[in-house]
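Please walk through this structure with the model open beside the text.

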Amino acid sequence: MIWEIDDHAPEVEGLDAHGRPDPAYAESLGLRAAGRGARVLAAVIEWTVAVLIALPAIIALTPVLAQAVAGQFDPEKFFARGDLVWLIVAAAVSQGLMIAYVVVQLVLHGRKGVTLGKAICGIRSVNVRTLERPGFWRGAVVRYLVAYASFIVPLIGPVLVIMLSPLFDIERRGRGWLDLAAATWFVDVRGGLNPYDQKRMRIARKRVKTPEHEEKAPLPSLATPVHRDAPAEYVPSARLSGGVIGAHRAASGPAVEPAQAPAPGALVSSTPPSLATGAPGPASFAPAPAPASEPAPAYVAPPAASPMPPVPVAESVPAAGPVAATPAPDDAPAAPVVAPAGVRAILVLDTGERIEVRGTTLFGRSPSAAPGEGEALLVPVVDDTRSVSKTHIAVMPARRGVFVVDRASTNGSAVVRGGAETALPAGHPAELKTGDTVRFGDRSLHVEWV
């Protein structure tokens with residue numbers, strides 16, 4: 001096993017040439033700035049809860065504070081009061097609850113980007129550079145210290161720092177002085193992308209980073225033989241393969257001539273035309289007919305060595321166009337699935353396309369066989385959300401059964417059986433049964449027969 005050591009700092013996406021966060025990048029991901037009204041409402045909710053927690057202490061100590069301000073506070077009378085114990089209990093309980101409330105708010109804000117008011121209003125806080133969690137010390141502690149420091153100047157400080165400073169943001173993202181100090185940005189998770197949904201964020205970053213991959217044509221399968229003189233065309237429908245993915249045909253093949261009556265004396269070839277190319281099979285020709293005056297002798301079959309039951313021979317039907325299948329009655333029972341010879345399993349994609357598994361079969365956006373894996377059937381899966389990896393899963397027949405393996409995909413795979421979903425660890429095969437559903441990324445396939 002070869003270990004690779006990354007000795008350089010990870011690259012931060014979404015920064016401009018000067019290393020500053022680019023608002024256009026965040027907008028392209030689907031992130032939306034939280035509205036001013038929602039932020040004010042979240043702050044009001046949090047301050048209201050704080051006041052309710054401190055209410056017992058406020059009720060108990062307000063008369064004492066009023067006497068101290070008026071200069072009528074007498075320590076001897078205060079300590080001689082009969083309700084002194086209740087005053088101390090009320091102040092201690094309120095102080096303890098307030099400390100717990102502030103600590104929980106700080107931890108949730110630093111690690112999850114959410115507080116009580118933000119959770120109610122659908123707001124999340126992220127680091128403005130990395131668009132990830134803001135961090136405990138700078139994203140939460142520094143922010144709250146600056147907010148409390150603004151109360152040094154009564155009324156004017158909080159109004160200027162907390163309420164009016166977001167109006168001065170030149171980027172118009174609603175970032176005030178608290179956000180500049182903490183390097184945070186508040187986003188609306190109800191009207192835009194949730195930055196803490198790791199799967200959706202990973203897909204959004206991929207789509208923004210590699211949009212040109214959508215324009216590339218899928219590579220042809222090297223495991224499928226094609227005509228040497230004509231490029232291969234992938235046919236995912238039932239035109240040539242009987243509804244099975246994996247058939248190929250030449251882009252410019254010989255045209256199929258209409259059926260003609262055989263010449264007198266000529267033998268008709270019993271080899272059917274090739275299903276992949278549409279070319280007729282090898283034909284056998286009889287020798288030139290004898291003159292009319294001497295008719296050709298009839299061919300007499302030799303007697304059989306042992307009595308054998310006659311074998312029915314399919315009659316040759318001229319190619320006169322497609323024949324419509326006779327619809328089965330509605331009340332007829334469903335016929336059991338009968339797989340052709342050599343087929344180990346039949347899979348049905350969520351688009352309705354059917355795949356016959358004869359050997360190793362790879363599914364992904366642009367699947368390719370690993371070194372030493374040998375020949376494999378490559379099944380490209382269209383996925384606009386890019387939740388499916390290039391080579392996501394492999395379905396492999398074994399001596400006993402058919403197995404599915406997750407090929408270290410980004411978004412993982414799972415097998416759903418009987419309503420229970422079991423995640424597939426990367427590289428560990430799991431046996432498939434008839435009726436199972438394999439989920440890979442945002443796509444899925446159904447096991448019709450094994």
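Buried means under 20% relative accessible area, exposed means over 50%, and partly exposed lies in between, with a 1.4 Å probe and protein chains only. This is a predicted model, in which local features need pLDDT of at least 70, side-chain atom pairs count only at pLDDT 80 or more, and totals for chains, interfaces and linings use all residues. Residues are numbered from 1 along each chain as its sequence is written, and side-chain values use heavy atoms, with hydrogens and water left out.

Start with the rings. Rings of Phe, Tyr and Trp (its six-membered ring) pair if their centres lie within 6.5 Å; planes under 30 degrees apart count as stacked, over 60 as edge-to-face and the rest as tilted. The whole structure holds four aromatic pairs. One of them is the tilted pair of W47 and F151, with 6.0 Å centre to centre and 55° between the planes. W47 sits in helix 2 and F151 in the loop between helix 6 and helix 7 (156-164), so this pair ties together parts that are 104 residues apart in sequence. Helices (H or I, at least four residues) and strands (E, at least two) are DSSP runs, numbered from the N terminus. W47 is partly exposed, at 45% relative accessible area. F151 is partly exposed too, at 40%.

Now helix 4. What span should its 29 residues have? At 1.5 Å times one less than the number of residues, residues 84-112 should span 42 Å; the end C-alpha atoms are 41 Å apart, which agrees. Its buried residues include L84, L87, Y101 and H109. The buried residues of helix 4 pack against several elements, among them helix 2 (36-70), helix 6 (137-149) and strand 2 (184-188). Just after the helix, G113 takes a positive phi of about 65°.

Next, the strands. Two strands pair if DSSP finds at least two bridges between them. Strand 10 (residues 393-397) pairs with strand 8 (residues 361-364) in the antiparallel sense, over three bridges. Here T361 stands opposite V395. Strand 10 also pairs antiparallel with strand 11 (residues 402-406), over five bridges. Strands 10 and 11 form a hairpin with four residues between them, and G401 in the turn has a positive phi of about 95°.

Last, confidence. pLDDT is the predictor's confidence in each residue, from 0 to 100. The chain's mean is 76, and 69% of its residues reach 70 or more. Residues 212-217 fall below 50; beyond near neighbours in sequence, they have three contacts (heavy atoms within 4.5 Å) in the model.
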